[in-house]
Amino acid sequence: MPEGAAGMQATQARRPLLEYLRAIGAVIWKDVLAEFRSRELLSAMLVFSLLVILIFNFALELDIRARETIASGVLWVTFAFAGTLGLNRSMAIEKDRGCLDGLLLAPVDRSAIFFGKAIGNLIFMGLVEVIVLPIFSVLYNMNLFQSGLLLVVLLGSIGYVAVGTLLASMAVHARTRDVLLPILLFPVAIPVLLAAVKASNGFLQAAEMADIWPWLNLLIVYDVIFVAVAFMVFDFVVEE
Amino acid sequence: MQPMPKALKALNLFTSAVFAVALYLVLFYAPREAVMGEVQRVFYFHVAAGWVGALAFLVTAIAGIFVLLRGDHRWDQLALASVEIGVVFTLINIVTGSIWARPVWNTWWTWDPRLVTATVMELIYLAYLMLRQGIEDPDRRARFAAVYGIVGFISVPLTFLSIRIFRTIHPVVVGNNDPTAQGAFDMTTKMRIAFFFGLFTFTFVYVTLLWHRLRLQQFKERIEERKLQALTA
């Protein structure tokens, strides 16, 4: 390969980043593979989501008119509940089998572990959402596959998972860990959930983009804040 | 037992005196509001309590940063003491607001952005206290609480700004008012004096309580030490 010296230097300078990305990828791959073999997390999240949707159906009498206004709220409550279930489980597995200590011994930056776990959780939450959305569409006869709504779902999940992964890694160390995570996570995540519900509602009701933008902006701002803060403080959470 | 330091005794007296003056200003000196009547007087301590809540949570977040950087457990004690006071004052803020809202908005509670964000803030710090209870190792407890105190503080500016960015019926007395707000009024000079004196007083109440709470924590630790000594002796 006719590569100049400048090219070589650039490759070497890029190498730490490459290593970092590879470490993140390894953590994600480990989670995905473990999940693929056991399928405990996804099946639990999925069945739970469907149950939540069914319960809402009875509780709210979702007739045609109510559906249009309430659907986004029902969707996000479902995602949030299923999300906590997944977050709790994904961290509990690491803690119970001593995997977290193994991960921490790996000679990689701690934040790579955070991003790996967070992206892994995002993948699981995304999978649940991808399955729940069509089921919801069929059960309630609404088209949820709009590009705007999918974007909101992605943005909302990013913020939720970023702060959720951080708090879940704290909650697993507590005596009351299973009850603690939702109590820690919900009040902190409320701005994200609120913005996501409002923005989804805007897309479902075909509102003007001018009305949706403020909520999308709030969602993006909170995503950035949560990812940045979680990235900065994660080291202190896993420190022994 | 170590006697109370002179400065703390002086602070006790000063805060009590200032509080008495503040009560006089709020109850007698400030004029009766023309539309709402006497119930408007709740406003002075309502805002002051809200201010102390926000200040206390700010102190917790800053103390949390120092816990993470320095690892000194005295910062952790400060963070805990401040949260406990903040939770009480935020509750006072919400309850006094509710008392005011009953005659003015004709309801104890409404799902308004300001009320919701304030309640969410209160819940975050209750969760903070629960997190502390759940973790036994003091070093880890200090670190986790610091992290949660920092993450949770994101809610405080949102509460403050909520009446300024969302459409709400909660009045903004300091600064520009939203036309949709109900129960707004313009402060006269006398009202303004009572209002700012109230803020000043509550800040001193906060500092005094904080000091006492920190002393209490020190006594608690000393008792633990004595207990250990007695057990090993």
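I began with A:K117, which counts as buried because 27 other C-beta atoms lie within 10 Å; I take a residue as buried if 20 or more other C-beta atoms lie within 10 Å of its own, exposed if 12 or fewer, and partly exposed in between, with C-beta atoms placed from the backbone. This is a predicted model, in which local features need pLDDT of at least 70 and side-chain atom pairs count only at pLDDT 80 or more, while totals for chains, interfaces and linings use all residues. Residues are numbered from 1 along each chain as its sequence is written, and chains are lettered from A and ligands numbered from 1 in the order in which they are written.

**Entry on A:K117.** I placed A:K117 in helix α5 (residues 110-140) of chain A, where helices (H or I, at least four residues) and strands (E, at least two) are DSSP runs, numbered from the N terminus. Leaving aside neighbours within four places in sequence, I found A:K117 in contact with A:V27, A:S90 and A:T165, a contact being two residues whose C-beta atoms, placed from the backbone, lie within 7 Å. I also looked up A:D31, which is 86 residues from A:K117 in sequence and 7.7 Å from it in space, C-alpha to C-alpha.

**Entry on confidence.** Chain A averages a pLDDT of 86, with 93% of the residues scoring at least 70; pLDDT is the predictor's confidence in each residue, from 0 to 100. Over residues 1-5 of chain A pLDDT stays under 50, and the model has one contact beyond four places in sequence for them.

**Entry on the fold of chain A.** I counted eight helices and zero strands in chain A. The radius of gyration of chain A is 20 Å, close to the 18 Å that the globule rule gives for 240 residues, so chain A is as compact as a globular protein of that length; the radius is taken over C-alpha atoms, and the rule is 2.2 Å times the number of residues to the power 0.38. Of the 240 residues of chain A, 41% count as buried, and among contacts in chain A between residues at least 6 apart in sequence, 81% join residues at least 24 apart.

**Entry on the two chains.** The contact takes 19 residues from chain B and 19 residues from chain A. On the side of chain B that touches chain A, α4 (113-134) and α5 (138-152) of chain B each supply at least two residues, and α5(B) gives the largest share, eight residues.

I then looked up B:L131, which, leaving aside neighbours within four places in sequence, is in contact with residues including A:A174, A:L180 and A:L184.

**Entry on phi.** Which phi does A:R39 have, although it is not a glycine? I read a positive phi of about 55° for A:R39, which sits in the loop between α1 and α2 (40-60) of chain A and counts as exposed, with 11 C-beta neighbours inside 10 Å. A:A206, not a glycine, likewise has a positive phi of about 55°; A:A206 is in the loop between α7 and α8 (209-238) of chain A and is exposed, with 8 other C-beta atoms within 10 Å.
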